[in-house]
Amino acid sequence: MRIDAYNQITQVYGVKNKAKTAPTGKTSTTDKIEISSFGKELQIAKQAVANSSDVREDKVADIKARLANGTYHVDAATFADKLLESYNGIL
């Protein structure tokens, strides 16, 4: 390795001369965050969904009552059509 070449490179790039920075003055030590109105509404909607039940109790109670009375009937053709639609959506 040639030391001469290294010295020439340092002269070209000015490696020995380092720039000094001056203090910028007073800096703020507190952070501030603002959430948009859309973000607030989204959070409210998420909480409402999380607090709601996965089961629609009114529908379940109606079907249970109709099953107990013997008045709940399902058309086999309609059931088969809905079942095939369900499987076609998966395939």
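Me: Are Glu-34 and Lys-32 buried or exposed?
Reply: Both Glu-34 and Lys-32 are exposed in this predicted model. That word is kept for residues with over 50% relative accessible area.

Me: What makes the contact between Glu-34 and Lys-32 a salt bridge?
Reply: The closest N and O atoms of Glu-34 and Lys-32 are 3.5 Å apart. A salt bridge needs a Lys or Arg side-chain nitrogen within 4 Å of a carboxyl oxygen of Asp or Glu, so this pair qualifies.

Me: How many salt bridges does a search of the whole structure find?
Reply: The search finds two. One of them joins the side chains of Asp-62 and Arg-66, at 3.5 Å from N to O.

Me: Why are Asp-62 and Arg-66 about one helical turn apart?
Reply: Both belong to helix H3, and they are separated by about one turn because they lie four residues apart in that helix.

Me: Why is Asp-62 called partly exposed?
Reply: Its relative accessibility is 38%.

Me: Which residues make the nonpolar surface patch?
Reply: Ile-63, Leu-67, Tyr-72, Val-74, Phe-79, Leu-83 and Tyr-87 make a patch of about 660 Å².

Me: Which helix gives the most to the nonpolar patch?
Reply: That is H4, with three residues. Helix H3 (57-69) and helix H4 (76-90) each supply at least two, and Phe-79, a member of the patch, is found in H4.

How values were computed
Residues are numbered from 1 along each chain as its sequence is written. This is a predicted model: local features need pLDDT of at least 70, side-chain atom pairs count only at pLDDT 80 or more; totals for chains, interfaces and linings use all residues. Side-chain values use heavy atoms; hydrogens and water are left out. Patches are made of residues with over 30% relative accessible area and no salt bridge: like charges are joined within 9 Å, nonpolar side chains (Val, Leu, Ile, Met, Phe, Trp, Tyr) within 5 Å. Accessible areas come from the Shrake-Rupley method with a 1.4 Å probe; for residues, only the protein chains shown count as cover. Buried means under 20% relative accessible area, exposed over 50%, partly exposed in between (1.4 Å probe, protein chains only).
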